[in-house]
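The sequence and structure are shown first.

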Amino acid sequence: MLIINCPLCGPRDHAEFTYVGDATKNRPENSDNSNDNAWYDFVYLRDNPKGLHQELWQHSFGCRCFVKVLRNTLTHEIIATGMPKDNLILKEKGLELSV
Amino acid sequence: MTEVNTSKNSLRRRSGLAHVINYGQFGNITLSGPSLFICERHPLTILQLDTNKSKTLTDLSNLLNVEFPHTTNTCKGNDERRILWLGPNRWLIVEPEHGCLQTLIKNEFNSSEVFLTDLSHGRSTVRLRGRKARDILMKGSGVDWHLNSFVTDNCAHTKLFDLAATVDCRDIDVFDIYIARGFAEDFWEILQDAAAEFGYQVD
């Protein structure tokens, strides 16, 4: 069982959460055709990192908020959680993404 | 020919548990009596309220005579009317059904200020009372239900026995559990199974 520490509700079983996706992807600023590659990357391309990964989860059985989770994809250890705007890598000094 | 009276006062809300509740004492009742009491709270007015305007909240508090809780997972209110924190800018208002609370609020506030969803028909409410009530909750969910963590006027929205539930701690060993009406019968059966070892009374 994974325990995810929701910033609002506290520690909860991961079964209460729904996985949303990769939190490292940023939405392209423009929606015009000149930005097709950026949009293709944003919509379809995903890395499959071995190690630390920032993910978005939704606490769908609780406060329904989106939670950013820093998880080790190798060990499933959940290292840090925060609100979607938080940069968890900066919070966890000394840790770097192994992408 | 008999006339059918369709006025609002003549229509009584039917409980989702009406056909499954058996009253009496069940399970492992010891000499000290049942350690758990279960009853259904019905009928209730249950409204979900969304607003992000602080002045509106203040006006609503004055209208309802109950302060809105701003701390996460807490409730405020009295024996009659309760307001539960559901999420950011989202609350659940609960009271025994005796008037149209929705109309009262809608008459005072326009729909751009307050978003109301009537859940009265969609929720069943079960009250757990007794020294083993926390043990039942511990069986069904991983939330920290310890006496020091989950105290009076706290609430939790969680997966209880794999069903989405809202638990309101009314007193040290009194809990109101709000469950989707469609799953109420299932929940009632699970609750009876979980409570059998303690001995329980259905009131």
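## Chain A

Of the 99 residues in chain A, 39% are buried. The model is a predicted one. Chain A contains two helices and six strands, and their order along the sequence is β-β-β-α-β-β-β-α. Along the principal axes, the C-alpha atoms of chain A fill a box of roughly 45 × 30 × 20 Å. Among the contacts in chain A with a separation of 6 or more, 43% are between residues 24 or more positions apart. The accessible surface of chain A is about 6200 Å², and carbon and sulfur atoms hold 50% of that surface.

The size of an interface is often given as the accessible area lost when the parts come together. Between chain A and chain B, the buried area is about 1000 Å², with 52% coming from carbon and sulfur atoms. In chain A, the residues that lose the most area to chain B are L8(A), R12(A) and F61(A), which together account for 47% of what that side buries. The contact involves 10 residues from chain A and 15 residues from chain B.

How many salt bridges are there between chain A and chain B? The count is zero. Polar contacts between chain A and chain B number six residue pairs, both residues being at pLDDT 80 or more. On the side of chain A that touches chain B, six residues are nonpolar, one is polar and three are charged.

## Salt bridges

Side chains of opposite charge can pair when their charged atoms come close. Over all chains, the count comes to 14 salt bridges.

| Salt bridge | Distance |
|---|---|
| K76(B) and E67(B) | 3.4 Å |
| D203(B) and R129(B) | 3.4 Å |
| K139(B) and E197(B) | 2.6 Å |

D203(B) forms its salt bridge with R129(B). Because D203(B) lies in the segment after β12 (200-202) and R129(B) in strand β8 of chain B, this pair ties together parts that are 74 residues apart in sequence. D203(B) is partly exposed at 37%.

The side chains of K139(B) and E197(B) also meet in a salt bridge. K139(B) belongs to helix α3 (residues 133-140) and E197(B) to the loop between α4 (184-195) and β12 of chain B, so this pair ties together parts 58 residues apart in sequence. K139(B) is partly exposed at 39%, and E197(B) is partly exposed at 48%. Elsewhere, salt bridges that share partners join R41(B), R127(B), R170(B) and D176(B) into one network.

R129(B) is located in strand β8 (residues 123-129) of chain B. Its relative accessibility is 35%, so R129(B) counts as partly exposed. Leaving out residues up to four places away in sequence, R129(B) touches S35(B), L36(B), F37(B), D173(B), V174(B) and D203(B). D173(B) is 44 residues away along the chain, and the C-alpha atoms of R129(B) and D173(B) are 5.7 Å apart.

S15(B) is found in the segment before β1 (24-26) of chain B. Is S15(B) buried or exposed? With a relative accessible area of 9%, S15(B) is buried, because buried means under 20%. Its side chain makes a polar contact with the side chain of E40(B) at 2.8 Å. A polar atom of the S15(B) side chain also lies 2.9 Å from the backbone nitrogen of L17(B). Beyond its neighbours within four places in sequence, S15(B) is in contact with E40(B), H42(B) and R181(B).

Definitions and conventions: Residues numbered from 1 in each chain as written. Chains lettered and ligands numbered in written order. Predicted model: local features only at pLDDT ≥ 70, side-chain atom pairs only at ≥ 80, totals over all residues. Heavy atoms only, no water. Contact = heavy atoms within 4.5 Å. Buried area = accessible area lost by both parts, 1.4 Å probe. Salt bridge = Lys/Arg side-chain N within 4 Å of Asp/Glu carboxyl O. Polar contact = N/O pair within 3.5 Å; in protein donor to acceptor, adjacent residues only side chain to side chain. Nonpolar A, V, L, I, M, F, W, Y, C, P; charged D, E, K, R; others polar. Helix = DSSP H or I, 4+ residues; strand = E, 2+ residues; numbered from the N terminus. Buried < 20%, exposed > 50% of the residue type's maximum accessible area, 1.4 Å probe, protein only. Areas by Shrake-Rupley, 256 points an atom, 1.4 Å probe, with all protein chains shown as cover.
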